[in-house]
Amino acid sequence: MWASAVLLVLLGSFGANALDNGLARTPPMGWLAWERFRCNVNCTADPKNCVSEKLFMEMADRLVEDGYKDAGYEYVNIDDCWMAKQRDANNKLYADPERFPSGIKGLADYIHSKGLKLGIYTAYGNFTCQGYPASGMHLELDAQTFAEWGVDMLKMDGCKQMDRHTMKKGYPQMTKYLNATGRPILFSCSWPDYERGAGIPINYTLVAENCNIWRNYVDIQDSWQSVLSIIDYYAKEQDTLVPVAGPGNFNDPDMLIIGDFSLSVEQAKAQMAMWAILAAPLLMSNDLRTITPEYRDILLNKDVIAISQDNAGIMGKRVLQNGSIEVWTKKLTGIGEFATAILNVGDYGAPINVSIPLVDFGVETFSGVFDIQDVFLQKDYYNYFMDGNFDIEIPPNSVAFLHLYPSDLRKLKKK
Ligand SMILES: *[C@@H]1O[C@H](CO)[C@@H](O)[C@H](O)[C@H]1NC(C)=O
Ligand SMILES: *[C@@H]1O[C@H](CO)[C@@H](O)[C@H](O)[C@H]1NC(C)=O
Ligand SMILES: *[C@@H]1O[C@H](CO)[C@@H](O)[C@H](O)[C@H]1NC(C)=O
Ligand SMILES: *[C@@H]1O[C@H](CO)[C@@H](O)[C@H](O)[C@H]1NC(C)=O
Ligand SMILES: *[C@@H]1O[C@H](CO)[C@@H](O)[C@H](O)[C@H]1NC(C)=O
């Protein structure tokens, strides 16, 4: 009782002004086309991978049939390059008719028939990043159009808007127009990243009042280097970013690239663990038709997803950095429970033995003793006291991802 009361007060301090559309109470999960499929629009040359309704329908089928939907992945998100090159006679956006013969409404119906949700993309400014028509002069009309089609999530990018100072007005306008449609539409804003890029101070209070999730930093690319640079950004900015995260509002370090061309299995575990610790949206950008089982297992790991989807929605922090070892900890809803990622970002070609004092985990205890579950290895360790050390061997570019329970409570839960 006592602990949950404190938690409510802590959350309430920010939650009071958070966007109130009932969505993203935990970090949203799904699939997003951009990182893997880009602006491939030539369906003659590449029918299997071009941005078309077929691609999104096939990904929806995979989400349902291969266990992703049951694990919590529910959004199927279109990114740039879905539109026809012009608006129609009534100024409405419409999908390229050759690549989306059913229209977005038809695609939304298909996605909904599978029990999934559809996300779409536009930009603030007159053109999208790839030069397609965008919402700048038509925010209200586009919000209405997306709602009519049955869209459930909107990502609004910002490339072609030259005056980024106007974003503090324009994004909140879109929030109002989305709200006025009466359809709950999860709003993903790229606004803070563009302000950051232009050196404009970011007002995260305002961002959280208007967006469910928001990009803070550059686009992810298909490399471990890219993953590390993103993790590093969140560590450096954690004192600003942790307080704004909570149910309804999440910082977005961009897509999961697990199962793509570059990450090893160990690196993929590290990205998955870190995105769970950061309370980040879990939006995969990969080819679910060809992904191999070892990557699929990482994406479907129930214990990792439970940490990501913890009800309190707290974003974790880097609490220790020592050579190539980083310790990141996130408080969980369960009384006295924490998740800790021990990340080895080094390239020393043998596993490192680390011995970390529990007092350096950034956890608190009332029972004085923890049981620890390694959620990737599915291994349990018992009876760790706060004045003791936790010893573990971690391969290069990998992670030990731990769920800490107060020992006596774990025993009660198991009964
Ligand atoms: C699509 O690719 C085909 C085959 O490579 C090519 O002949 C055609 O010109 C391309 N179409 C466009 C619009 O680029
Ligand atoms: C968008 O187009 C309108 C009308 O043509 C113009 O006034 C406005 O400056 C343009 N905005 C941007 C960001 O280019
Ligand atoms: C619109 O905003 C009001 C007030 O914040 C909120 O109660 C309502 O649920 C919102 N509706 C939608 C569709 O987002
Ligand atoms: C940031 O936005 C909030 C909420 O709209 C506002 O109350 C506050 O004055 C803004 N802060 C600054 C520094 O502009
Ligand atoms: C850093 O790691 C080394 C051994 O790898 C250890 O001796 C040292 O105590 C650690 N420092 C901190 C602050 O944890």
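# Reading strands, helices and ligand sites in a predicted model

Me: In which sense do strand 13 and strand 14 pair, and over how many bridges?

Reply: Pairing requires that DSSP find at least two bridges between two strands. Strand 13 (residues 369–374) and strand 14 meet this in the antiparallel sense, over five bridges. One such bridge has Val369 with Phe385 of strand 14 as its partner. The hairpin that these strands form has four residues between them, and Gln378 there takes a positive phi near 55 degrees. Helices (H or I, at least four residues) and strands (E, at least two) are DSSP runs numbered from the N terminus.

Me: What is the order of the open sheet of six strands, and which are the edge strands?

Reply: The order is 9-10-11-16-13-14, with antiparallel pairing. Strand 9 (317–322) and strand 14 (379–385) are the edge strands, each pairing on one side only. On average, neighbouring strands of this sheet are turned by 25 degrees against each other, direction ignored. Within the sheet, strand 11 (residues 338–344) and strand 16 (residues 398–406) form an antiparallel pair over seven bridges, and Ala339 stands opposite His403 in strand 16.

Me: Which strands does helix 10 touch as it packs on the sheet?

Reply: Contact means heavy atoms within 4.5 Å. Helix 10 (residues 224–236) touches strand 9, strand 10 (325–331) and strand 11, and its direction makes about 60 degrees with that of strand 10. Helix 12 (residues 265–277) lies across strand 10, strand 11 and strand 16, running at about 40 degrees to strand 16. Angles run from 0 to 180 degrees between N-to-C directions of axes fitted to C-alpha atoms, for helices over the stretch in contact.

Me: What order and pairing does the open sheet of eight strands have?

Reply: Here the pairing is parallel and the order is 7-6-5-4-3-2-1-8. Its edge strands, which pair on one side only, are strand 7 (250–252) and strand 8 (282–284). Neighbouring strands of this sheet are turned by 25 degrees against each other on average, direction ignored. Strand 2 (residues 75–77) and strand 3 (residues 117–123) pair in the parallel sense over three bridges, with Val76 opposite Leu118 in strand 3. Helix 5 (residues 103–113) packs on the sheet against strand 2 and strand 3, and its direction makes about 145 degrees with that of strand 3. Helix 8 (residues 191–198) also packs on the sheet, touching strand 4 (153–157), strand 5 (186–189) and strand 6 (213–215), with a direction about 30 degrees from that of strand 6.

Me: Where does Thr26 lie, and with which residues is Thr26 in contact?

Reply: Thr26 lies in the loop between helix 1 (2–15) and strand 1 (29–32). Leaving aside neighbours within four places in sequence, Thr26 is in contact with Phe250, Gln309, Asp310 and Asn311. The side chains of Thr26 and Gln309 are joined by a polar contact of 2.6 Å. A polar contact is a pair of N or O atoms within 3.5 Å; within protein, one must be able to donate a hydrogen and the other to accept it, and residues adjacent in sequence count only if both atoms are side-chain atoms.

Me: Which residues are around ligand 3?

Reply: A residue is near a molecule if one of its heavy atoms lies within 4 Å of it. Around ligand 3 these residues are Asp20, Asn21, Asn179, Gly182, Arg183 and Pro184. A polar side-chain atom of Asn179 lies 2.3 Å from a ligand 3 oxygen, and a side-chain N or O atom of Asp20 is 3.4 Å from an oxygen atom of ligand 3. The protein buries 53% of the 360 Å² that ligand 3 exposes when taken alone. Accessible areas come from the Shrake-Rupley method with a 1.4 Å probe; for residues, only the protein chains shown count as cover.

Me: Which residues are around ligand 4?

Reply: Asn203, Thr205, Leu206 and Glu209 are around ligand 4. An oxygen atom of ligand 4 is 2.4 Å from a side-chain N or O atom of Asn203; for Glu209, the corresponding distance is 3.3 Å. Of the 360 Å² of accessible area that ligand 4 has on its own, the protein covers 32%.

Key. Residues are numbered from 1 along each chain as its sequence is written. Chains are lettered from A and ligands numbered from 1 in the order in which they are written. This is a predicted model: local features need pLDDT of at least 70, side-chain atom pairs count only at pLDDT 80 or more; totals for chains, interfaces and linings use all residues. Side-chain values use heavy atoms; hydrogens and water are left out.
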